[in-house]
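Open the model in your viewer and keep the selection tool at hand.

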Amino acid sequence: MNQSEFVVLISPFKDKVFRLAKRLLLSKEEAEDATQEVLTKLWSKNDSLNKYGSVEAFAMTMTKNFCLDQLKSKRANNESLVHSNYVDTAPSLEKKLEDQDSLKWVDTCLAQLPEQQRIIVQLRDVEQYEFEEIASLLQMKESAVRVSLSRARKIIREYIIKTHTHGNQ
């Protein structure tokens, strides 16, 4: 496989790889590094990629594993995660502030979840993966993915209700 064929192959899902990495690592810079690392590893395996049923699924699995390794490494080194600021190009300042507040709410809610539930919410609700694909990526039963997603959504719902009721953020 030559370089242009490889680019055509990865183009449909490279943004998904980045978004998953960003959701797990929180930092845009670290997510960019993770994406580059995964794509480099894919390129090094370009001659054997045709043996995989879904290169996209393989790339998402590689991304998940790489990011989890990075997080474990950070925890071992007792480094803190740095959250990047979100920039919105909306025309009005009011709209920008509302969007930033909404993103902070979502991130705060998702941060309350265990890693596996965060990954499932990202893949299902953000990336729009089917349950079967998520189960395959995470090597879980489809029913376990559904239960985990349901529990994650319940935690998010309870967090939002608690915050709105008590005014805590």
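Select the whole chain to begin. Buried residues make up 36% of its 169 residues, where buried means under 20% relative accessible area, exposed over 50% and partly exposed in between, with a 1.4 Å probe and protein chains only. This is a predicted model, in which local features need pLDDT of at least 70 and side-chain atom pairs count only at pLDDT 80 or more, while totals for chains, interfaces and linings use all residues. Residues are numbered from 1 along each chain as its sequence is written, and side-chain values use heavy atoms, with hydrogens and water left out.

Now colour by secondary structure. The chain has eight helices and zero strands; helices are DSSP runs of H or I with at least four residues, strands are runs of E with at least two, and both are numbered from the N terminus. Along the sequence the pattern reads α-α-α-α-α-α-α-α. Of the contacts with a separation of 6 or more, 64% are between residues 24 or more positions apart, a contact being heavy atoms within 4.5 Å.

**Helix pairs**

Select H2 (residues 14–25) and H3. Their axes are 8 Å apart and meet at an angle of about 135°; axes are lines fitted to C-alpha atoms, for helices over the stretch in contact, and angles run from 0 to 180 degrees between N-to-C directions. H2 and H3 are therefore oblique to each other. In this scheme angles under 35 degrees count as roughly parallel, over 145 as roughly antiparallel, 65 to 115 as roughly perpendicular and the rest as oblique. By class, the contact of H2 with H3 has eight nonpolar, one polar and five charged residues (Ala, Val, Leu, Ile, Met, Phe, Trp, Tyr, Cys and Pro count as nonpolar, Asp, Glu, Lys and Arg as charged, and the others, Gly among them, as polar).

Show side chains for Arg19, Leu20, Arg23 and Leu24 in H2, which meet Arg118, Ile119, Gln122 and Leu123 in H6. That contact of H2 with H6 has four nonpolar, one polar and three charged residues.

The angle is about 145° and the axes are 10 Å apart. Ile119, Ile120, Leu123 and Arg124 of H6 make the contact with Phe131, Ile134, Leu137 and Leu138 of H7. Seven of the residues in the contact of H6 with H7 are nonpolar, none is polar and one is charged.

**Single residues**

Which residues does Leu42 touch, leaving out those up to four places away in sequence? Select Leu42 in H3 (residues 28–44) and look for Phe6, Ile10, Phe13, Leu49, Val55, Phe58, Ala59 and Met62. Leu42 counts as buried because its relative accessibility is 0%. Between Leu42 and Ile10, 32 residues apart in sequence, the C-alpha to C-alpha distance is 9.0 Å.

End at Ser148, in H8 (residues 142–166). Ser148 has a relative accessible area of 10% and so is buried. Beyond residues up to four places away in sequence, Ser148 touches Gln117 and Ile120.
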